[in-house]
Amino acid sequence: MTVSTERQTPRADCTAGRDGGITFDLDLPRRETAKTPELLLRLRGAKGTGSDGDTLRLPLSPLGGGRLRAVLPGTAAPAEGRWDVYVREPGADDDGAVAVEPGIRDVRLLMDRTPETGRIAVRIPYPTADGRLAVRCWIRSPHAEAGPVTFDRGGLTVEGTLYGTHLGDDARVEARLVAAPDRVCRVPVTGKDDTFSFTLPLDRLGTGPVTGQHLWTLWLVPGTGTGGPADGVRVSRILDDVWDRKNSFVYPGRNAGEGARATPCYSADNDLCVRIEPDPAQAR
């Protein structure tokens with residue numbers, strides 16, 4: 001008996017552009033129809049399947065040699081989130097679409113981006129934990145891009161770049177405790193042109209008995225007269241090729257007061273946070 005080694009799962013090579021566009025070049029298994037399929041991008045966690053805003057449909061065009069190409073234009077506006085990639089054959093419904101495997105991912109143009117507008121559109125193709133292809137999308141306007149994170153004399157200093165607005169005289173950063181939104185630590189922001197810098201005193205985040213883990217999110221409030229949102233802009237890092245910084249960017253912790261330790265960290269959405277937890281070194 002001859003065992004077929006023919007690939008049974010669609011596979012896509014991806015090229016990401018600076019403008020947020022992505023080109024998908026697909027290899028498909030042998031097909032019984034000459035009709036061209038389409039590429040589907042589905043928003044993960046969406047309540048409906050195929051409803052407006054939950055599914056992007058991209059036509060596939062022959063490249064020759066059995067390959068097909070689809071293009072997600074930079075002008076498209078997919079919602080923030082993770083979009084899974086599928087191929088749907090002509091005549092099949094959306095539920096019959098087949099997941100796509102990741103091939104070569106060329107994301108070099110995403111490094112060291114300097115957006116020219118205040119609207120930041122980032123799309124990063126990536127492999128999921130179970131071996132499928134997905135695209136991480138962000139739409140931010142305005143946006144506060146985190147840069148270097150350093151410790152100095154009991155404080156955590158963050159530098160970064162602000163897009164889409166500017167700093168007012170009363171600009172500030174607010175560290176907000178996720179478990180108790182009424183607890184806010186406010187510090188002033190300094191900056192010049194489109195840069196910003198702020199320092200969080202760690203002992204102000206670690207006050208009180210620290211018996212468990214607490215997470216503080218960081219928000220830059222541009223201030224009055226800037227046109228920026230009154231509730232602030234999340235401080236994040238998205239202008240490169242890293243789709244999930246939570247486990248890949250690990251910072252050291254520092255003392256944050258009696259019995260407490262502060263560690264800067266990123267969420268799975270690449271938002272910068274500060275984690276406060278009991279300090280085992282002091283417990284000894």
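Mentor: Let us begin with terms: strands (E, at least two residues) are DSSP runs numbered from the N terminus, and two strands pair if DSSP finds at least two bridges between them. This is a predicted model, where local features need pLDDT of at least 70 and side-chain atom pairs count only at pLDDT 80 or more, while totals for chains, interfaces and linings use all residues. Residues are numbered from 1 along each chain as its sequence is written, and side-chain values use heavy atoms, with hydrogens and water left out.

Trainee: Okay, which residue in β6 is the bridge partner of Phe 24?

Mentor: The partner of Phe 24 is Ala 70, and strands β2 (residues 22-27) and β6 (residues 67-72) pair in the antiparallel sense over six bridges.

Trainee: In what order do the five strands of the open sheet come?

Mentor: The order is β5-β6-β2-β1-β9, with mixed pairing, and the edge strands β5 (61-64) and β9 (101-106) each pair on one side only.

Trainee: Switching topic, how many salt bridges are there?

Mentor: The count comes to 23, where a salt bridge is a side-chain nitrogen of Lys or Arg within 4 Å of a carboxyl oxygen of Asp or Glu.

Trainee: Which residue forms a salt bridge with Asp 13?

Mentor: That is Arg 67, with the closest N and O atoms 2.9 Å apart, and the pair links distant parts of the chain, since Asp 13 lies in strand β1 (residues 11-16) and Arg 67 in strand β6, 54 residues apart.

Trainee: And is Arg 67 buried or partly exposed?

Mentor: Arg 67 counts as partly exposed because its relative accessibility is 22%; buried means under 20% relative accessible area, exposed over 50%, and partly exposed in between, using a 1.4 Å probe and protein chains only.

Technical notes:
Helix = DSSP H or I, 4+ residues; strand = E, 2+ residues; numbered from the N terminus.
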